[in-house]
Amino acid sequence: MKLRRPNRHRGDGGDDHLVPLINIIFLMLIFFMIAARFAPLEPLDVAPPRSSQAPPGSMADRTILLAADGRVAVGERIVEPAALAATLRDWSAADGRRTGAGPVGLGAAPVTLKADANVHAEQLRMLLARLREAGIERVRLVTAAAN
């Protein structure tokens, strides 16, 4: 009498062993979608100039964006020059309270400036002069890594 061995290879493709792998990948996808931290969109499209130096430390909470056409945004909103001056005065006053006695702006967190690569030097110089007039002495200019 001849006994047949059961055929381990099914005729329908036998992809049942892939189901646990698909489940794990699906669960990882859901985990990363929930755990991801999404950065808010910036109100101006700014392409920073290239630099071969690595950025020193993390970005500050206080960010100023300067577009190629001269528009300025603070944080997530576009501001007019008068509103920019008021914001800078507020930052400078907060720095003075944080550092205690002494000149305003010393020892304070730097202001991060993201200027478009196509900004004219005169526009950048004028904005830096406004920062200096407001008492902000530390400015971090953001650049992109050179390829």
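Modeller: An open sheet of 5 strands runs in the order 4-3-2-5-6, with mixed pairing; strands here are DSSP runs of E with at least two residues, helices are runs of H or I with at least four residues, and both are numbered from the N terminus. This is a predicted model, in which local features need pLDDT of at least 70 and side-chain atom pairs count only at pLDDT 80 or more, while totals for chains, interfaces and linings use all residues. Residues are numbered from 1 along each chain as its sequence is written, and side-chain values use heavy atoms, with hydrogens and water left out.

Biologist: Which strands stand at the edges of the sheet?

Modeller: Strands of a sheet pair through backbone hydrogen bonds, either parallel or antiparallel, and two strands are said to pair here if DSSP finds at least two bridges between them. Strand 4 (77-79) and strand 6 (139-141) stand at the edges, and because each has a single partner strand, one side of each is left without a neighbour in the sheet. On average, and with direction ignored, neighbouring strands of this sheet are turned by 30 degrees against each other.

Biologist: In which sense do strand 2 and strand 5 pair?

Modeller: Strand 2 (residues 63-66) and strand 5 (residues 111-115) pair in the parallel sense over 4 bridges; Leu 65 stands opposite Lys 114, and Leu 66 stands opposite Ala 115. Strand 5 also pairs with strand 6 in the parallel sense, over 3 bridges, and there Val 111 has Val 139 as its bridge partner.

Biologist: What packs on the sheet, and which strands does it touch?

Modeller: Contact means heavy atoms within 4.5 Å, and angles, which run from 0 to 180 degrees, are taken between the N-to-C directions of lines fitted to C-alpha atoms, for helices over the stretch in contact. Helix 3 (residues 121-133) packs on the sheet and touches strand 2, strand 5 and strand 6, its direction making about 155 degrees with that of strand 2. Strand 5, helix 3 and strand 6 make a right-handed β-α-β unit, where right-handed means that, with the strands pointing away from the viewer, the path from the first strand over the helix to the second runs clockwise.

Biologist: How many residues of strand 5 are buried?

Modeller: A residue is buried under 20% relative accessible area, exposed over 50% and partly exposed in between, with a 1.4 Å probe and protein chains only. In strand 5, 5 of the 5 residues are buried, so the strand is largely enclosed by the rest of the structure. Val 111, Leu 113 and Ala 115 point one way and Thr 112 and Lys 114 the other way, and all are buried.

Biologist: What does Ala 115 touch, not counting residues up to four places away in sequence?

Modeller: Ala 115, at 5% relative accessibility, touches Val 46, Ala 47, Pro 48, Pro 49, Leu 66, Leu 124 and Leu 141. Ala 115 and Pro 49 are 66 residues apart in sequence, yet 7.8 Å apart in space, C-alpha to C-alpha.

Biologist: Is Thr 87 buried or exposed?

Modeller: Thr 87, found in helix 2 (residues 81-99), is buried, with a relative accessible area of 11%. The side chain of Thr 87 reaches the backbone oxygen of Ala 83 at 2.9 Å. Leaving aside neighbours within four places in sequence, Thr 87 is in contact with Val 74 and Arg 77.

Notes. A polar contact is a pair of N or O atoms within 3.5 Å; within protein, one must be able to donate a hydrogen and the other to accept it, and residues adjacent in sequence count only if both atoms are side-chain atoms.
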